Amino acid sequence: MEPGIKLELRQTRHVRLVFLLALWHQLLVLWPILSGVLLVMAGSGFVVGRLEGWSLGESMYFTFVTGLTIGYGDFAPQHFTTRVLAVLIGFCGIVLTGLVAAVSVQALRATEAQRPEPK
């Protein structure tokens, strides 16, 4: 292998390592918020499932399909209370998506700041 290619591979590995370390650090910093949002989503989904008579698996499936704003429609809440909780789950999903995007952008910025200069 040519020396230039070896150097490029080492730089690529370095950039990946910096990105993964920055991503891990950002996730550790935001973990209390992320876990709180996930807990609210799962708790709301559990309540929706109990009120609608769904199994735990169906409840969690509904929760994350709704939270990820996919919404297949195979499970739909029928009661007013469960519909309000479904809206809460949707908002929590939007917050969760925004946090994951922000963490990724911060990790990319850290990677760019630490990138070795080409020689």
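Begin by selecting H1 and H3: their axes cross at roughly 175° and come within 8 Å of each other. Axes here are lines fitted to C-alpha atoms, for helices over the stretch in contact, with angles from 0 to 180 degrees between N-to-C directions. H1 and H3 are therefore roughly antiparallel (angles over 145 degrees count as roughly antiparallel, under 35 as roughly parallel, 65 to 115 as roughly perpendicular and the rest as oblique). By class, the contact of H1 with H3 has 27 nonpolar, 11 polar and 1 charged residues. Nonpolar covers Ala, Val, Leu, Ile, Met, Phe, Trp, Tyr, Cys and Pro; charged covers Asp, Glu, Lys and Arg; the others, Gly among them, count as polar.

This is a predicted model, in which local features need pLDDT of at least 70 and side-chain atom pairs count only at pLDDT 80 or more, while totals for chains, interfaces and linings use all residues. Residues are numbered from 1 along each chain as its sequence is written, and side-chain values use heavy atoms, with hydrogens and water left out. Helices (H or I, at least four residues) and strands (E, at least two) are DSSP runs, numbered from the N terminus.

**Stop 1: Leu99**

Select Leu99, which lies in helix H3. Leu99 is buried, at 16% relative accessible area (buried means under 20%, exposed over 50%, partly exposed in between, with a 1.4 Å probe and protein chains only). Now show Leu30, Ile33 and Leu34: Leu99 touches these residues, not counting those up to four places away in sequence. Contact means heavy atoms within 4.5 Å. Leu34 and Leu99 are 65 residues apart along the chain, yet their C-alpha atoms are separated by 7.6 Å.

**Stop 2: H1 against H2**

Next, select residues 3–52 (H1) and 56–67 (H2), whose axes come within 8 Å and cross at roughly 130°. That makes H1 oblique to H2. To see the contact, display Leu38, Met41, Ala42, Gly45, Phe46, Val48 and Gly49 on H1, and Leu56, Ser59, Met60, Phe62, Thr63, Phe64 and Gly67 on H2. By class, the contact of H1 with H2 has 9 nonpolar, 5 polar and no charged residues.

Stay on Ser59 in helix H2. Ser59 counts as buried, at 2% relative accessibility. Leaving aside neighbours within four places in sequence, Ser59 is in contact with Gly45, Gly49 and Trp54.

**Stop 3: the aromatic cluster**

Select Trp54, Tyr61, Phe62 and Phe75, which form one aromatic cluster. The structure holds 3 aromatic pairs. Rings of Phe, Tyr and Trp (its six-membered ring) pair if their centres lie within 6.5 Å; planes under 30 degrees apart count as stacked, over 60 as edge-to-face and the rest as tilted. Tyr61 and Phe75 are edge-to-face, because their ring planes stand at 70°, with the centres 5.8 Å apart. This pair links distant parts of the chain, 14 residues apart: Tyr61 is in helix H2, and Phe75 is in the loop between H2 and helix H3 (80–114). Tyr61 is partly exposed at 33% relative accessibility, and Phe75 is partly exposed at 22%.

**Stop 4: Thr69**

Finally, select Thr69 in the loop between H2 and H3. Thr69 is not a glycine, but has a positive phi of about 55°. Thr69 counts as exposed, at 55% relative accessibility.
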